[in-house]
Amino acid sequence: MFYAYFASAGLTTIAEDTSNAGRLDLAVRHAGQVFLFEVKTDAQPPGAALAQIEDRGYADKYRAEGVPIHLVGVEFSREQRTLTRLEARTIPS
């Protein structure tokens with residue numbers, strides 16, 4: 001759903017962005033910035049989505065570009081059928 005939204009808005013999107021440490025769910029480029037999204041359902045422990053981006057170094061391949069990089073962890077509950085956690089952290093250029 002995130003991919004469809006960003007792609008339909010005309011943004012450069014990369015789904016399942018591969019690195020040597022795994023696959024990031026979605027990378028989006030917009031206005032000279034990079035947004036890296038990891039989406040989890042029923043994440044344990046809470047905060048696991050953002051932690052995965054940081055622990056696996058998904059931002060490393062973008063650091064040389066010298067642009068701000070925004071790490072976004074999104075967590076949903078299957079039982080509640082709602083967003084349960086949204087965390088973001090910015091790595092300045």
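Q: Which residue forms a salt bridge with Glu54?
A: Arg89 does. The closest N and O atoms of Glu54 and Arg89 are 2.5 Å apart. Bear in mind that this is a predicted model.

Q: Where do Glu54 and Arg89 sit in the chain?
A: Glu54 is in helix H2, and Arg89 is in strand E5, residues 82–91. They are 35 residues apart, and the pair links distant parts of the chain.

Q: What lets side chains pair like that in general?
A: Side chains of opposite charge can pair when their charged atoms come close.

Q: How many salt bridges are there in the structure?
A: The structure holds 7 salt bridges.

Q: OK, another one. Which residue does Lys61 meet in a salt bridge?
A: Lys61 meets Asp17, with 2.7 Å from N to O.

Q: Is Asp17 buried or exposed?
A: Asp17 is buried, because its relative accessible area is 7% and the cut-off for buried is under 20%.

Q: And what about Lys61, how does it count?
A: Lys61 counts as partly exposed, at 42% relative accessibility.

Q: What is the salt-bridge partner of Glu16?
A: The side chain of Glu16 meets that of Arg23, at 2.9 Å from N to O. Arg23 is exposed, with a relative accessible area of 52%, while Glu16 counts as partly exposed at 38%.

Q: Switching to strands. How do E1 and E2 pair?
A: E1 and strand E2 (residues 22–30) pair in the antiparallel sense, over 7 bridges. They form a hairpin with 2 residues between them.

Q: Which residue in E2 is the bridge partner of Ile14?
A: That is Ala27.

Q: How many bridges join E4 to E5?
A: There are 9 bridges, and E4 and E5 run antiparallel. Along this pairing, Gly73 stands opposite Glu87 in E5.

Q: What about the turn, how many residues are between the strands in the hairpin of E4 and E5?
A: That hairpin has 4 residues between its strands, and Arg81 takes a positive phi near 55° there.

Notes
Residues are numbered from 1 along each chain as its sequence is written. This is a predicted model: local features need pLDDT of at least 70, side-chain atom pairs count only at pLDDT 80 or more; totals for chains, interfaces and linings use all residues. Side-chain values use heavy atoms; hydrogens and water are left out. A salt bridge is a side-chain nitrogen of Lys or Arg within 4 Å of a carboxyl oxygen of Asp or Glu. Buried means under 20% relative accessible area, exposed over 50%, partly exposed in between (1.4 Å probe, protein chains only). Two strands pair if DSSP finds at least two bridges between them.
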